[in-house]
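Take a look at the model below and keep it open while you read.

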Amino acid sequence: MDNLHLPPMDPGDSIAVITVNWNGAEDTLDCLRSLVDSGIDPSSIIVVDNGSKDDSVERIRGEMPSLEMMEMGENLGYIRGVNRGISRALASGARMILLIN
């Protein structure tokens with residue numbers, strides 16, 4: 001298989017990373033830690049919480065207070081949740097979006 005070659009990013013390009021959480025704080029935090037460890041700025045991360053009934057929101061906010069947490073209040077499903085995150089990222093000026101499922 002050929003290696004994928006991508007053009008370099010323009011330093012002015014902004015990226016938003018979006019993931020959806022539903023009652024899965026530990027898995028989501030593992031993902032977020034990995035992103036931050038790889039150099040992603042936590043302030044570029046949007047977590048869409050789909051109405052979790054556990055302590056997910058508090059745990060995620062407690063460990064990563066600089067990311068954006070969108071609380072939906074109900075389970076919208078993955079697609080509707082991620083679409084809300086994409087809308088927010090675009091409204092904030094993101095030129096690139098990375099979806100993490």
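Is Ser56 buried or exposed? It's buried, with a relative accessible area of 0%; buried here means under 20% relative accessible area, exposed over 50% and partly exposed in between, with a 1.4 Å probe and protein chains only.

Before going on, a word on the ground rules: this is a predicted model, where local features need pLDDT of at least 70, side-chain atom pairs count only at pLDDT 80 or more, and totals for chains, interfaces and linings use all residues. Residues are numbered from 1 along each chain as its sequence is written, and side-chain values use heavy atoms, with hydrogens and water left out.

Back to Ser56, which sits in helix 2. Helices (H or I, at least four residues) and strands (E, at least two) are DSSP runs, numbered from the N terminus. Leaving aside residues up to four places away in sequence, Ser56 touches Asn21, Asn23, Gly24, Ala25 and Asp49, a contact being heavy atoms within 4.5 Å. Its side chain also makes a polar contact of 2.6 Å with the side chain of Asp54. That term covers a pair of N or O atoms within 3.5 Å; within protein, one must be able to donate a hydrogen and the other to accept it, and residues adjacent in sequence count only if both atoms are side-chain atoms.

Four strands make an open sheet, in the order 3-2-1-4, with parallel pairing; two strands pair if DSSP finds at least two bridges between them. Strand 3 (68-71) and strand 4 (96-100) are at the edges with a single partner strand each, so one side of each has no neighbour in the sheet. Strand 1 (residues 15-21) and strand 2 (residues 45-49) pair in the parallel sense over five bridges, and Ile18 has Ile46 in strand 2 as its bridge partner. Helix 2 (residues 56-63) packs on this sheet, touching strand 1, strand 2 and strand 3.

Finally, have a look at helix 1 (residues 25-37), which has 13 residues. Its buried residues are Ala25, Thr28, Leu29, Leu32 and Leu35. Viewed down the axis of helix 1, they fall within an arc of 120 degrees, so they line one face of the helix; the arc is taken from the directions from the helix axis to the C-beta atoms. These buried residues pack against strand 1, strand 2, helix 2 and strand 4. On the face turned away from the buried side, helix 1 carries the exposed residues Asp27 and Asp37. Just after helix 1, Gly39 takes a positive phi of about 105 degrees.

Conventions: Axes are lines fitted to C-alpha atoms, for helices over the stretch in contact, and angles run from 0 to 180 degrees between N-to-C directions. The expected span of a helix is 1.5 Å times one less than its number of residues.
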